[in-house]
Amino acid sequence: MLLRPLNDFVIVEPEPIEIDDPEVRRIHNSGILEIPEIAKSRLMKVTPRGKIVSWGNKCKYQYKIGDYVYFAQFGGSKLSFNDKEYRVLLESDLIAKEEL
């Protein structure tokens with residue numbers, strides 16, 4: 001079964017956010033404190049990145065499955081499907097697409 005978004009929505013499989021600060025990583029790995037994803041992104045001051053999974057028929061740009069894009073940190077909605085986490089974003093929430 002595939003997910004096919006409608007209109008100008010894009011489905012992205014986000015990459016996990018890595019913690020660069022050694023002290024925060026030590027506390028997180030010790031199990032003393034669980035750091036939620038939103039806090040990790042605030043600690044890192046990063047723009048979320050993910051892979052394009054699918055896009056709607058009204059999207060303006062051409063995408064390929066697997067293209068890497070950067071998207072608005074709080075944009076879109078979370079979607080759980082087949083034991084995977086996805087973000088459903090408006091095409092306007094995409095900030096940049098990686099190209100070679």
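This is a predicted model: local features need pLDDT of at least 70, side-chain atom pairs count only at pLDDT 80 or more; totals for chains, interfaces and linings use all residues.
**Entry 1: Asp93**

I used "buried" for under 20% relative accessible area, "exposed" for over 50%, and "partly exposed" for values in between, with a 1.4 Å probe and protein chains only. A salt bridge is a side-chain nitrogen of Lys or Arg within 4 Å of a carboxyl oxygen of Asp or Glu. I located Asp93 in the loop between strand S5 (84–90) and strand S6 (94–97). Leaving aside residues up to four places away in sequence, Asp93 touches Tyr70, Phe71, Ala72, Gly75 and Gly76; contact means heavy atoms within 4.5 Å.

**Entry 2: The chain as a whole**

I noted two helices and six strands in the chain. Helices (H or I, at least four residues) and strands (E, at least two) are DSSP runs, numbered from the N terminus. Along the sequence I read the pattern β-α-α-β-β-β-β-β. The chain has 100 residues, of which 31% count as buried. Among contacts with a separation of 6 or more, 62% are between residues 24 or more positions apart.

**Entry 3: Salt bridges**

How many salt bridges does the structure hold? I recorded four. Side chains of opposite charge can pair when their charged atoms come close.

Glu13 pairs with Lys84, and their closest N and O atoms are 4.0 Å apart. Glu13 lies in strand S1 (residues 9–14) and Lys84 in strand S5, so this pair ties together parts that are 71 residues apart in sequence. Glu13 is partly exposed at 24% relative accessible area, and Lys84 is partly exposed at 40%.

Arg49 forms a salt bridge with Glu15, with 2.8 Å between the closest N and O atoms. This pair links distant parts of the chain, as Arg49 is in strand S2 and Glu15 is in the loop between S1 and helix H1 (22–30), 34 residues apart. I read a relative accessible area of 21% for Arg49, which is partly exposed, and of 31% for Glu15, which is also partly exposed.

Lys97 forms a salt bridge with Asp67, the closest N and O atoms being 3.6 Å apart. Lys97 belongs to strand S6 and Asp67 to the loop between S2 and strand S3 (68–71), so the pair joins parts that are 30 residues apart in sequence. Lys97 is partly exposed at 31% relative accessibility, whereas Asp67 is buried at 11%. I also noted that salt bridges with shared partners join Glu15, Arg49 and Glu98 into one network.

**Entry 4: The second largest pocket**

I found a volume of about 290 Å³ for the second largest pocket. Of its 15 lining residues, Leu2, Leu3, Val53, Ser54 and Tyr86 are the closest to its centre. On a 1 Å grid over the protein atoms alone, a pocket is an open set of points where a 1.4 Å probe fits, with protein on both sides within 12 Å along at least five of seven lines, and lining residues have an atom within 4 Å of a point. Grid points are joined across faces, edges and corners, and the volume is the space filled by probe spheres set on the points. Strand S2 (residues 49–55) gives the largest share of this lining, five residues.

**Entry 5: Arg4**

I placed Arg4 in the segment before S1. Arg4 is exposed at 60% relative accessibility. In sequence, Arg4 and Trp55 are 51 residues apart, yet in space they are 6.7 Å apart, C-alpha to C-alpha. Not counting residues up to four places away in sequence, Arg4 touches Ser54 and Trp55.

**Entry 6: Asn82 and Asp83**

Most residues other than glycine have a negative phi. I noted that Asn82, although not a glycine, has a positive phi of about 50°. Asp83 also has a positive phi, near 65°. Asn82 lies in the loop between strand S4 (77–81) and S5, and Asp83 lies in the loop between S4 and S5. Asn82 is exposed at 57% relative accessibility, and Asp83 is exposed at 82%.

Technical notes. Residues are numbered from 1 along each chain as its sequence is written. Side-chain values use heavy atoms; hydrogens and water are left out.
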